[in-house]
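Here are my notes on the model, as numbered points. Please read them with the structure open.

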Amino acid sequence: MRILHLSKFYPPDPGGLEQVVACLAEGAAARGHEVRVVCATGSRWLKVRESNEGDSTQDSGVSVVRLPTPYVLWSQPVVPAYVSASRWPADVVYLHRPHPLADIAVALGPTRPTIIQHHSDVQRQRLLRWVYGPLARSVAHRADAVVFATRSHQQHAKDVGDAGRDRAVIIPFGVDAERFSPEPDAARPSCFPPSDAGPVGLFVGRLVGYKGLDVLIDAVEGSDLRVVIVGDGPLRPWLERQLVERLLGDRVVLAGRIPDEALPVYHKAADYFILPSTTPAEMFGIVQLEAMACGRPVISTALSTGVREVNQADVTGLVVPPGDASALRAAMERLSGDPELRARYGQAGRKRVEELFTVERMIEAHLELCGRLVSLGQGVVPR
(Lines give C-alpha, C1' and ligand atoms only; values in the text may rest on other atoms or scores of the structure.)
Protein backbone atom coordinates (compact mmCIF):
# COMPACT_ATOMS: atom_id res chain seq x y z
CA MET A 1 0.00 0.00 0.00
CA ARG A 2 0.97 3.64 -0.43
CA ILE A 3 0.32 5.36 2.89
CA LEU A 4 0.43 9.13 3.40
CA HIS A 5 0.71 10.73 6.86
CA LEU A 6 -0.25 14.40 7.24
CA SER A 7 1.48 15.62 10.39
CA LYS A 8 2.25 18.99 11.91
CA PHE A 9 5.89 18.08 12.66
CA TYR A 10 8.05 14.95 12.61
CA PRO A 11 11.06 13.71 14.64
CA PRO A 12 13.57 14.91 15.58
CA ASP A 13 10.96 17.50 16.56
CA PRO A 14 9.84 16.32 20.02
CA GLY A 15 6.35 15.37 21.09
CA GLY A 16 4.10 12.38 21.66
CA LEU A 17 2.11 12.96 18.47
CA GLU A 18 5.30 13.11 16.43
CA GLN A 19 6.55 9.86 17.99
CA VAL A 20 3.31 8.08 17.12
CA VAL A 21 3.52 9.26 13.50
CA ALA A 22 7.12 8.04 13.28
CA CYS A 23 6.25 4.63 14.75
CA LEU A 24 3.37 4.12 12.33
CA ALA A 25 5.33 5.36 9.32
CA GLU A 26 8.53 3.43 10.02
CA GLY A 27 6.60 0.32 11.03
CA ALA A 28 4.67 0.27 7.76
CA ALA A 29 7.82 0.96 5.72
CA ALA A 30 9.65 -1.89 7.47
CA ARG A 31 6.82 -4.20 6.40
CA GLY A 32 7.24 -3.30 2.73
CA HIS A 33 4.72 -0.49 2.28
CA GLU A 34 5.52 2.79 0.54
CA VAL A 35 5.16 5.55 3.11
CA ARG A 36 5.36 9.32 2.86
CA VAL A 37 5.04 11.97 5.59
CA VAL A 38 4.20 15.59 4.81
CA CYS A 39 5.05 17.95 7.65
CA ALA A 40 6.14 21.49 8.47
CA THR A 41 9.54 22.73 9.53
CA GLY A 42 10.37 25.92 11.29
CA SER A 43 9.47 24.90 14.83
CA ARG A 44 11.83 26.50 17.30
CA TRP A 45 13.10 23.07 18.27
CA LEU A 46 14.54 22.12 14.90
CA LYS A 47 16.52 23.74 12.10
CA VAL A 48 16.79 21.85 8.82
CA ARG A 49 17.74 22.73 5.28
CA GLU A 50 14.69 24.08 3.49
CA SER A 51 13.73 24.89 -0.07
CA ASN A 52 10.62 26.39 -1.58
CA GLU A 53 9.43 22.94 -2.56
CA GLY A 54 10.32 21.33 0.75
CA ASP A 55 13.15 19.01 1.69
CA SER A 56 12.34 15.36 0.97
CA THR A 57 14.55 12.89 2.80
CA GLN A 58 14.56 9.16 3.47
CA ASP A 59 14.22 8.43 7.18
CA SER A 60 14.15 4.72 8.14
CA GLY A 61 12.57 3.92 4.77
CA VAL A 62 10.02 6.74 5.04
CA SER A 63 9.94 9.60 2.54
CA VAL A 64 9.67 12.72 4.73
CA VAL A 65 8.70 15.94 2.96
CA ARG A 66 9.54 18.88 5.24
CA LEU A 67 7.92 22.10 4.03
CA PRO A 68 9.16 25.56 5.05
CA THR A 69 6.98 27.50 7.49
CA PRO A 70 6.90 31.24 6.71
CA TYR A 71 4.86 32.08 9.80
CA VAL A 72 2.70 30.68 12.60
CA LEU A 73 -0.92 31.61 13.38
CA TRP A 74 -2.59 30.57 16.67
CA SER A 75 0.27 28.13 17.31
CA GLN A 76 -0.41 26.47 13.94
CA PRO A 77 2.20 26.39 11.15
CA VAL A 78 1.05 28.17 8.00
CA VAL A 79 2.59 26.29 5.05
CA PRO A 80 1.45 27.43 1.58
CA ALA A 81 2.80 24.29 -0.15
CA TYR A 82 1.09 21.85 2.22
CA VAL A 83 -2.09 21.29 0.17
CA SER A 84 -0.23 20.55 -3.06
CA ALA A 85 2.28 18.28 -1.31
CA SER A 86 -0.63 16.33 0.19
CA ARG A 87 -1.88 15.31 -3.26
CA TRP A 88 0.64 12.48 -3.45
CA PRO A 89 -1.25 9.45 -4.92
CA ALA A 90 -1.78 7.43 -1.75
CA ASP A 91 -4.03 4.44 -1.21
CA VAL A 92 -4.70 5.59 2.37
CA VAL A 93 -4.32 9.02 3.98
CA TYR A 94 -3.75 9.62 7.69
CA LEU A 95 -4.73 12.98 9.16
CA HIS A 96 -3.08 13.48 12.56
CA ARG A 97 -5.08 15.93 14.68
CA PRO A 98 -4.97 18.59 15.93
CA HIS A 99 -3.70 20.01 12.63
CA PRO A 100 -6.16 22.35 10.83
CA LEU A 101 -3.89 22.67 7.80
CA ALA A 102 -4.13 18.92 7.22
CA ASP A 103 -7.94 19.14 7.45
CA ILE A 104 -7.86 21.79 4.72
CA ALA A 105 -5.63 19.57 2.59
CA VAL A 106 -8.04 16.63 2.94
CA ALA A 107 -11.09 18.82 2.27
CA LEU A 108 -9.54 20.20 -0.92
CA GLY A 109 -7.86 16.97 -2.00
CA PRO A 110 -9.03 13.99 -4.05
CA THR A 111 -11.45 11.45 -2.59
CA ARG A 112 -9.58 8.48 -1.17
CA PRO A 113 -9.72 6.32 1.97
CA THR A 114 -8.97 8.60 4.92
CA ILE A 115 -8.18 7.84 8.55
CA ILE A 116 -8.22 10.52 11.24
CA GLN A 117 -5.82 9.71 14.09
CA HIS A 118 -7.40 11.92 16.74
CA HIS A 119 -4.75 12.72 19.33
CA SER A 120 -6.76 15.57 20.88
CA ASP A 121 -9.05 18.50 20.13
CA VAL A 122 -7.69 22.02 19.75
CA GLN A 123 -7.33 22.87 23.42
CA ARG A 124 -6.52 26.52 24.14
CA GLN A 125 -7.14 28.74 21.12
CA ARG A 126 -10.86 29.55 21.47
CA LEU A 127 -11.03 31.65 18.32
CA LEU A 128 -9.34 28.89 16.33
CA ARG A 129 -11.85 26.36 17.71
CA TRP A 130 -14.72 28.58 16.60
CA VAL A 131 -13.31 28.87 13.08
CA TYR A 132 -12.01 25.31 12.86
CA GLY A 133 -14.94 23.39 14.37
CA PRO A 134 -17.21 23.26 11.28
CA LEU A 135 -14.31 22.24 9.02
CA ALA A 136 -13.16 19.57 11.48
CA ARG A 137 -16.61 18.03 11.76
CA SER A 138 -17.09 18.13 7.99
CA VAL A 139 -13.81 16.29 7.35
CA ALA A 140 -14.64 13.77 10.08
CA HIS A 141 -17.98 13.15 8.36
CA ARG A 142 -16.23 12.15 5.13
CA ALA A 143 -13.46 10.16 6.86
CA ASP A 144 -13.66 6.37 6.72
CA ALA A 145 -12.42 5.83 10.26
CA VAL A 146 -11.51 7.93 13.30
CA VAL A 147 -8.88 6.26 15.47
CA PHE A 148 -8.68 6.97 19.20
CA ALA A 149 -6.05 5.59 21.56
CA THR A 150 -8.60 5.07 24.36
CA ARG A 151 -12.32 5.34 25.06
CA SER A 152 -11.51 8.44 27.08
CA HIS A 153 -10.09 10.08 23.94
CA GLN A 154 -13.34 9.30 22.17
CA GLN A 155 -15.47 10.70 24.99
CA HIS A 156 -13.46 13.94 25.07
CA ALA A 157 -13.50 14.50 21.31
CA LYS A 158 -15.69 17.38 20.17
CA ASP A 159 -13.96 18.19 16.88
CA VAL A 160 -15.11 14.93 15.25
CA GLY A 161 -18.87 15.40 15.68
CA ASP A 162 -21.40 12.58 15.88
CA ALA A 163 -20.40 11.15 12.50
CA GLY A 164 -16.78 10.87 13.57
CA ARG A 165 -17.69 9.11 16.80
CA ASP A 166 -19.81 6.65 14.81
CA ARG A 167 -16.68 5.75 12.83
CA ALA A 168 -14.58 5.26 15.97
CA VAL A 169 -11.87 2.60 16.08
CA ILE A 170 -9.89 2.12 19.33
CA ILE A 171 -6.19 1.34 18.82
CA PRO A 172 -3.99 1.97 21.89
CA PHE A 173 -0.65 3.72 21.54
CA GLY A 174 2.41 1.55 22.01
CA VAL A 175 6.12 1.70 22.80
CA ASP A 176 9.12 -0.38 21.79
CA ALA A 177 9.24 -2.86 24.67
CA GLU A 178 12.67 -4.09 23.62
CA ARG A 179 14.24 -0.64 23.56
CA PHE A 180 12.51 0.35 26.79
CA SER A 181 13.20 -2.66 28.99
CA PRO A 182 13.99 -3.36 32.65
CA GLU A 183 17.39 -4.81 31.75
CA PRO A 184 20.06 -3.07 33.86
CA ASP A 185 22.10 -0.37 32.18
CA ALA A 186 25.61 0.29 33.42
CA ALA A 187 25.46 3.91 32.33
CA ARG A 188 24.11 6.57 34.70
CA PRO A 189 23.61 10.10 33.35
CA SER A 190 26.04 12.52 34.92
CA CYS A 191 23.22 14.91 35.85
CA PHE A 192 21.71 12.34 38.25
CA PRO A 193 22.53 12.51 41.94
CA PRO A 194 24.94 9.80 43.15
CA SER A 195 23.27 6.43 43.56
CA ASP A 196 23.86 6.54 47.33
CA ALA A 197 21.99 9.87 47.64
CA GLY A 198 18.61 8.16 47.75
CA PRO A 199 15.74 7.42 45.34
CA VAL A 200 15.22 9.78 42.40
CA GLY A 201 11.97 10.66 40.61
CA LEU A 202 11.96 11.47 36.89
CA PHE A 203 9.82 13.84 34.82
CA VAL A 204 10.04 13.83 31.01
CA GLY A 205 8.10 16.26 28.82
CA ARG A 206 7.78 19.76 27.46
CA LEU A 207 8.13 22.47 30.06
CA VAL A 208 4.66 23.98 29.61
CA GLY A 209 1.88 24.99 31.96
CA TYR A 210 -0.45 21.99 31.81
CA LYS A 211 2.34 19.57 32.76
CA GLY A 212 1.99 20.58 36.41
CA LEU A 213 5.63 21.49 36.99
CA ASP A 214 4.61 24.20 39.46
CA VAL A 215 2.85 21.51 41.51
CA LEU A 216 5.94 19.29 41.32
CA ILE A 217 8.18 22.10 42.60
CA ASP A 218 5.74 22.80 45.44
CA ALA A 219 5.76 19.10 46.33
CA VAL A 220 9.55 18.91 46.51
CA GLU A 221 10.00 22.12 48.52
CA GLY A 222 10.44 21.37 52.20
CA SER A 223 11.10 17.66 51.64
CA ASP A 224 14.11 15.40 51.08
CA LEU A 225 12.84 14.32 47.66
CA ARG A 226 15.09 14.38 44.59
CA VAL A 227 13.86 14.87 41.03
CA VAL A 228 15.41 15.05 37.56
CA ILE A 229 13.40 17.06 35.01
CA VAL A 230 14.08 16.19 31.35
CA GLY A 231 12.79 18.47 28.61
CA ASP A 232 12.74 22.04 27.43
CA GLY A 233 10.12 24.68 26.81
CA PRO A 234 8.87 28.16 27.70
CA LEU A 235 8.74 27.47 31.45
CA ARG A 236 12.46 26.77 31.77
CA PRO A 237 13.45 30.33 32.81
CA TRP A 238 10.71 30.28 35.46
CA LEU A 239 11.88 26.90 36.74
CA GLU A 240 15.47 28.12 36.93
CA ARG A 241 14.38 31.08 39.05
CA GLN A 242 12.30 28.85 41.32
CA LEU A 243 15.25 26.55 42.00
CA VAL A 244 17.37 29.55 43.02
CA GLU A 245 14.70 31.35 45.06
CA ARG A 246 13.57 28.19 46.87
CA LEU A 247 17.10 26.77 47.32
CA LEU A 248 16.19 23.58 45.47
CA GLY A 249 19.26 23.35 43.25
CA ASP A 250 20.67 20.39 45.17
CA ARG A 251 17.46 18.36 44.86
CA VAL A 252 15.94 19.30 41.48
CA VAL A 253 18.01 18.90 38.32
CA LEU A 254 17.01 20.54 35.04
CA ALA A 255 18.59 18.15 32.54
CA GLY A 256 17.26 19.97 29.48
CA ARG A 257 16.41 18.25 26.24
CA ILE A 258 18.22 14.96 25.68
CA PRO A 259 18.65 12.81 22.55
CA ASP A 260 15.75 10.42 22.06
CA GLU A 261 18.09 7.44 22.09
CA ALA A 262 19.17 8.35 25.64
CA LEU A 263 15.66 8.14 27.13
CA PRO A 264 15.83 4.48 28.24
CA VAL A 265 19.01 5.22 30.18
CA TYR A 266 17.29 8.04 32.07
CA HIS A 267 14.28 5.87 32.90
CA LYS A 268 16.50 3.08 34.21
CA ALA A 269 18.57 5.51 36.30
CA ALA A 270 15.39 6.77 38.01
CA ASP A 271 13.48 4.94 40.73
CA TYR A 272 10.01 6.12 39.73
CA PHE A 273 8.31 8.35 37.16
CA ILE A 274 6.11 11.42 37.74
CA LEU A 275 3.41 12.78 35.40
CA PRO A 276 1.86 15.66 37.41
CA SER A 277 -0.28 17.10 34.58
CA THR A 278 -3.19 19.27 35.66
CA THR A 279 -5.54 19.66 32.66
CA PRO A 280 -7.15 17.49 29.94
CA ALA A 281 -4.53 18.84 27.53
CA GLU A 282 -2.62 15.76 28.73
CA MET A 283 -4.58 13.22 26.74
CA PHE A 284 -2.47 10.09 27.21
CA GLY A 285 1.14 10.50 28.34
CA ILE A 286 3.18 8.05 26.26
CA VAL A 287 6.06 8.74 28.65
CA GLN A 288 4.13 6.68 31.21
CA LEU A 289 4.42 3.67 28.92
CA GLU A 290 8.15 4.22 28.47
CA ALA A 291 8.65 4.25 32.25
CA MET A 292 6.41 1.21 32.77
CA ALA A 293 8.23 -0.72 30.03
CA CYS A 294 11.47 -0.03 31.94
CA GLY A 295 9.90 -1.50 35.06
CA ARG A 296 9.43 1.80 36.85
CA PRO A 297 6.33 2.71 38.90
CA VAL A 298 4.37 5.78 37.85
CA ILE A 299 2.74 8.61 39.75
CA SER A 300 0.04 10.21 37.59
CA THR A 301 -2.96 12.46 38.17
CA ALA A 302 -6.66 11.59 38.15
CA LEU A 303 -7.51 13.24 34.85
CA SER A 304 -10.59 12.17 32.90
CA THR A 305 -8.48 11.57 29.77
CA GLY A 306 -6.62 8.51 28.52
CA VAL A 307 -3.99 9.08 31.23
CA ARG A 308 -6.23 7.08 33.59
CA GLU A 309 -6.24 4.10 31.19
CA VAL A 310 -2.47 3.68 31.34
CA ASN A 311 -1.30 3.84 34.97
CA GLN A 312 -3.56 1.80 37.26
CA ALA A 313 -3.85 3.03 40.84
CA ASP A 314 -2.25 0.66 43.36
CA VAL A 315 -1.36 -1.77 40.57
CA THR A 316 1.29 -0.09 38.39
CA GLY A 317 1.70 3.05 40.49
CA LEU A 318 -0.10 5.77 42.41
CA VAL A 319 -2.72 8.28 41.27
CA VAL A 320 -3.21 11.68 42.95
CA PRO A 321 -5.65 14.57 42.40
CA PRO A 322 -4.40 17.05 39.78
CA GLY A 323 -2.96 20.23 41.26
CA ASP A 324 -2.61 18.78 44.78
CA ALA A 325 1.02 19.29 45.83
CA SER A 326 0.52 17.69 49.24
CA ALA A 327 -0.91 14.51 47.73
CA LEU A 328 1.87 14.42 45.14
CA ARG A 329 4.51 14.80 47.85
CA ALA A 330 2.93 12.00 49.89
CA ALA A 331 2.94 9.68 46.85
CA MET A 332 6.56 10.51 46.04
CA GLU A 333 7.62 9.93 49.65
CA ARG A 334 5.74 6.64 49.72
CA LEU A 335 7.53 5.30 46.66
CA SER A 336 10.87 6.72 47.77
CA GLY A 337 10.62 4.92 51.10
CA ASP A 338 9.41 1.52 49.88
CA PRO A 339 11.70 -0.33 47.42
CA GLU A 340 9.52 -3.48 47.54
CA LEU A 341 6.46 -1.46 46.51
CA ARG A 342 8.44 0.13 43.68
CA ALA A 343 9.51 -3.30 42.46
CA ARG A 344 5.97 -4.71 42.60
CA TYR A 345 4.46 -1.78 40.74
CA GLY A 346 7.31 -1.81 38.23
CA GLN A 347 6.82 -5.49 37.41
CA ALA A 348 3.07 -4.99 36.99
CA GLY A 349 3.69 -2.00 34.72
CA ARG A 350 6.04 -3.97 32.51
CA LYS A 351 3.49 -6.77 32.23
CA ARG A 352 0.73 -4.28 31.32
CA VAL A 353 2.84 -2.82 28.51
CA GLU A 354 3.65 -6.25 27.12
CA GLU A 355 -0.03 -7.24 27.11
CA LEU A 356 -1.62 -4.04 25.79
CA PHE A 357 0.76 -1.29 24.73
CA THR A 358 3.52 -2.57 22.43
CA VAL A 359 4.38 -0.72 19.26
CA GLU A 360 4.03 -3.99 17.32
CA ARG A 361 0.39 -4.32 18.37
CA MET A 362 -0.27 -0.71 17.39
CA ILE A 363 1.35 -1.02 13.96
CA GLU A 364 -0.36 -4.31 13.08
CA ALA A 365 -3.79 -2.97 14.12
CA HIS A 366 -3.31 0.11 11.94
CA LEU A 367 -2.12 -1.89 8.94
CA GLU A 368 -5.11 -4.21 9.30
CA LEU A 369 -7.37 -1.15 9.28
CA CYS A 370 -5.62 0.23 6.19
CA GLY A 371 -5.95 -3.11 4.43
CA ARG A 372 -9.67 -3.25 5.10
CA LEU A 373 -10.13 0.28 3.78
CA VAL A 374 -8.19 -0.43 0.60
CA SER A 375 -10.09 -3.65 -0.03
CA LEU A 376 -13.41 -1.87 0.49
CA GLY A 377 -12.35 1.02 -1.74
CA GLN A 378 -14.16 3.52 0.46
CA GLY A 379 -16.89 3.59 3.06
CA VAL A 380 -17.25 3.20 6.77
CA VAL A 381 -15.15 0.44 8.31
CA PRO A 382 -17.41 -2.29 9.79
CA ARG A 383 -17.05 -2.58 13.55
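**Notes on the predicted model**

1. Start with a salt bridge. R342 pairs with D271, and their closest N and O atoms are 4.0 Å apart. R342 sits in helix α12 (residues 339-356), while D271 sits in the loop between α9 (263-269) and β14, so the pair ties together parts that are 71 residues apart in sequence. R342 counts as buried, because its relative accessibility is 13% and the cut-off is under 20%. D271, with a relative accessible area of 24%, is partly exposed. Keep in mind that this is a predicted model.

2. A second bridge joins K211 and E282. Their side chains meet at 2.7 Å, N to O. K211 belongs to the loop between β11 and α7 (213-220), and E282 to the loop between β14 (272-274) and α10 (286-293), so this pair ties together parts that are 71 residues apart in sequence. K211 is buried, with a relative accessible area of 8%. E282 is buried too, at 5% relative accessibility.

3. Now R97 and D103. Their side chains form a salt bridge at 2.5 Å, N to O. Are the two partners buried or exposed? R97 counts as buried at 1% relative accessibility. D103 is buried as well, with a relative accessible area of 0%. As background, side chains of opposite charge can pair when their charged atoms come close.

4. The structure holds 12 salt bridges. Some of them form a network: D218, E221 and R246 are linked this way.

5. Helix α7 deserves a look. Of its 8 residues, 6 are buried, so the helix is largely enclosed by the rest of the structure. Which residues of α7 are buried? They are L213, V215, L216, I217, A219 and V220. The cover over them includes the strands β11, β12 (227-230), β13 (252-256) and β14. Helices α8 (236-245) and α11 (325-336) also contribute to that cover. After α7 comes G222, which has a positive phi, near 80 degrees.

6. Strand β4 (residues 62-67) is mostly covered, with 6 of its 6 residues buried. Both faces are covered. V62, V64 and R66 lie on one side, and S63, V65 and L67 on the other. Note that R66 is among the buried residues.

7. β4 has strand β2 (residues 34-40) as a partner. The two run parallel and are joined by 5 bridges. R66 comes up again here: in β4, R66 is the bridge partner of C39.

8. On hydrophobic packing, the largest nonpolar core has 62 residues. Helix α1 (residues 16-30) gives the most to this core, with 8 residues. Which residues have the most contacts inside the core? They are Y10, V62, I115, F192, L202, F273 and F284. V62 is also one of the buried residues of β4.

9. Cysteines next. How many disulfides does the structure hold? The count is 0. For reference, a disulfide is a covalent bond between the sulfur atoms of two cysteines. C23 counts as partly exposed, because its relative accessibility is 25%. C294, by contrast, is buried, with a relative accessible area of 0%.

10. G198 lies in the loop between β10 (168-170) and β11 (201-204). G198 counts as partly exposed, because its relative accessibility is 25%. The C-alpha atoms of G198 and L225 are separated by 8.4 Å. Along the chain these residues are 27 apart.

11. Whole-chain figures, to close. The secondary structure comes to 13 helices and 16 strands. The chain has 383 residues, and 56% of them count as buried. Take the contacts between residues at least 6 apart in sequence: 69% of these join residues at least 24 apart. The accessible surface of the chain is about 16,200 Å². Carbon and sulfur atoms hold 51% of that surface.

Technical notes
Residues numbered from 1 in each chain as written. Predicted model: local features only at pLDDT ≥ 70, side-chain atom pairs only at ≥ 80, totals over all residues. Heavy atoms only, no water. Helix = DSSP H or I, 4+ residues; strand = E, 2+ residues; numbered from the N terminus. Buried < 20%, exposed > 50% of the residue type's maximum accessible area, 1.4 Å probe, protein only. Contact = heavy atoms within 4.5 Å. Areas by Shrake-Rupley, 256 points an atom, 1.4 Å probe, with all protein chains shown as cover. Disulfide = S-S within 2.5 Å. Core = buried A, V, L, I, M, F, W, Y, C linked by side-chain atoms within 4.5 Å. Pairing = 2+ DSSP bridges.
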